[in-house]
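Subject: Structure handover

Hello,

Here is the structure I promised to pass on. Please open it alongside this note, which goes through what was found.

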Amino acid sequence: MSSGVGSTEPPRSGGLGFAGAGAGRFALETRNQLVGLFGIVERNVYLTKRYFLWDVAFMVWTIANTLTIVFIARAIPGITAAEENTAATVLLVGATIWAFLGIIFEFMTETVAWERWEGTIEYTFMAPLSRLVHLFGQGAYAVLYGLIRATILFFVVAAFIGIHAPEANYAAALGLLALASLSFIGVGIMTSVLPLISPEKGAQLGFVCQGVMLVVSGVYYPVSVMPEWMQWISKFSPATYALRGCRASIIHGTGMVWADVWPLLIIAVLATPIGLAVFKVGERHAKRHGKLKRSG
Amino acid sequence: MRDLRKTFRRRDRKAGRFARKRAWPALDDVTFTMARGECVAILGQNGSGKSTLVRLLSTLLIDDGGEARIFGHDVDKDASAIRRLVNRVSVEASFFKKMSASENLSYAARFYGMGPNQTRTAIPEILGRVGFPPDRRGEAMENLSRGMQQKVALARALLTSPVLLLLDEPTTGLDPRSKLEVQEFIRQVRAEHDATILLCTHDMAEAETLADRVGILDRGRLLFLEPVADVKRRFGVETLEQAFFAATGREFVAEEGDSNDDDEYREVFG
């Protein structure tokens with residue numbers, strides 16, 4: 001038997017009793033946290049494999065739903081073929097980013113709800129994994145998974161409808177989406193605390209946040225058509241800049257425009273620490289009121 | 001642990017949905033110490049506060065007063081240090097049901113810094129020790145019996161080498177054979193390592209055979225914590241059931257099933 005397994009000595013890998021210098025301890029702790037982050041991603045890979053057919057069904061549903069939206073472009077009377085193509089692309093980009101954001105919000109909001117449902121929540125929250133790493137690991141997998149699904153969705157629907165995007169700069173669109181993802185994870189961390197505070201209604205409130213964000217961000221229309229107060233709110237939504245930038249990159253081949261990049265950078269820098277602070281307050285509330293527990 | 005208190009505010013279900021919330025004390029000035037390597041059993045009926053105690057020591061609850069320290073670390077102020085030292089087995093096995101035993105153990109081990117190279121050998125080894133059949137390691141947890149799942153839960157707790165092991169009704173709901181196997185494994189862990197074990201149970205026989213000292217937690221209050229022989233002598237009785245009756249004036253009614261604390265108050269105050 002190797003030492004450590006079944007032993008009741010302080011864990012060798014845990015750092016307690018580690019005799020090295022501060023830098024060594026920091027390195028060890030960082031390594032442990034990265035292993036923990038890998039664990040979150042690895043678990044999600046296992047679950048995706050187990051629920052693969054669900055994913056296929058969900059993908060088909062998303063494609064069908066997106067088609068119902070993109071076909072609207074064909075029904076607009078009195079426009080040229082080129083204008084119809086542009087309208088279809090505008091709608092497709094909106095639907096794709098809606099789907100992408102939906103996956104990130106679902107993963108983040110369900111971070112607590114899944115573990116509560118499975119009964120593992122107490123084990124995860126009593127483990128020596130920093131909350132930032134825990135939530136960021138969940139967000140990282142959501143972004144990877146969401147990007148794969150969004151890419152499939154975009155190209156399948158584009159092929160089905162016959163959208164032409166000869167000038168498209170997909171690299172710039174992907175770059176903007178990656179940058180926006182950091183902000184989406186931060187906002188997602190804020191919403192992920194909701195099921196912790198309200199086990200029964202928290203997940204639904206998360207979806208309300210997602211819906212509100214997309215409404216003000218101009219998902220299928222320009223932000224300028226909304227009332228002024230909504231336009232003002234849209235300035236704080238990362239989806240506004242992601243949608244605008246991705247549309248410009250795909251329709252006009254524009255690269256990553258600084259006017260879209262800097263707001264995304266600022267929101268990304270602010271969203272994660274604020275999200276984490278909100279989550280910690282919520283976690284403490286849950287611990288004080290006995291809500292950090294499995295259901296059923 | 002000194003004067004540890006925890007109170008929940010809950011609506012009395014019998015008083016209706018709009019009744020005012022009232023305070024339900026789950027732990028009421030609980031004080032005791034444990035020596036390293038000791039096994040202490042806390043006995044109590046559903047609703048006595050056992051799970052609250054375990055969840056407080058697991059850093060899953062914040063107390064309302066008093067203090068709890070584990071190897072010098074305060075459970076609230078130094079929670080991250082505590083988390084490296086403690087693991088637990090609860091009455092519910094609690095796993096991702098579609099994932100296999102090996103996958104669930106990998107997931108748990110990663111949080112404690114165990115990478116794939118370590119778990120590749122450590123997981124088969126620990127599963128072997130708890131008597132888990134090697135050919136079922138890849139099977140989804142939902143296909144395993146309750147006894148099997150509880151063995152995996154024990155393996156999960158021991159895989160991370162805890163200094164303090166919290167066992168919250170680890171054998172509740174198991175068939176007699178599985179119960180004996182789990183108890184035997186707990187004995188082995190104690191014999192081979194200087195495991196410090198806090199066993200919360202309503203199984204009097206289990207407490208008597210496994211623990212160095214036994215305490216009774218009743219309505220959040222720890223009535224005593226002594227070796228079994230001293231308890232019997234103190235009350236002049238032959239069994240722990242009789243001691244419980246002598247100490248509380250009530251019969252001990254052990255109820256099988258989930259002893260989740262939020263449900264506990266109904267038995268305590270119902």
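Among contacts in chain A between residues at least 6 apart in sequence, what percentage join residues at least 24 apart? The figure is 79%. Please keep in mind that this is a predicted model.

**Chain A**

Chain A has eleven helices and zero strands. Read from the N terminus, its elements run α-α-α-α-α-α-α-α-α-α-α. The C-alpha trace of chain A spans about 75 × 45 × 40 Å along its principal axes. Chain A has 296 residues, and 45% of them count as buried.

**The sheet in chain B**

Now to chain B. Here there is an open sheet of six strands, with mixed pairing. The strand order is 7-8-9-3-10-11. Which strands form the edges? They are strand 7 (86-89) and strand 11 (221-226) of chain B, and each pairs on one side only. On average, neighbouring strands of this sheet are turned by 15° against each other, direction ignored.

Look next at strand 3 (residues 39-43) and strand 10 (residues 213-218) of chain B. These two pair in the parallel sense, over four bridges. B:Val40 stands opposite B:Arg213, which lies in strand 10 of chain B.

**Helices on the sheet**

Helix 5 (residues 146-159) of chain B packs on the sheet. Helix 5 touches strand 7 and strand 8 (164-168) of chain B. Its direction makes about 175° with that of strand 7 of chain B.

Helix 9 (residues 240-248) of chain B also packs on the sheet. Helix 9 touches strand 3, strand 10 and strand 11 of chain B. The direction of helix 9 makes about 45° with that of strand 10 of chain B.

**One residue to look at: B:Phe224**

B:Phe224 and B:Arg213 are eleven residues apart along the chain, and their C-alpha atoms are separated by 9.7 Å.

Best wishes

Definitions and conventions
Residues numbered from 1 in each chain as written. Chains lettered and ligands numbered in written order. Predicted model: local features only at pLDDT ≥ 70, side-chain atom pairs only at ≥ 80, totals over all residues. Pairing = 2+ DSSP bridges. Axes fitted to C-alpha atoms, helices over the stretch in contact; angles between N-to-C directions. Contact = placed C-beta atoms within 7 Å. Buried ≥ 20, exposed ≤ 12 C-beta atoms within 10 Å, placed from the backbone.
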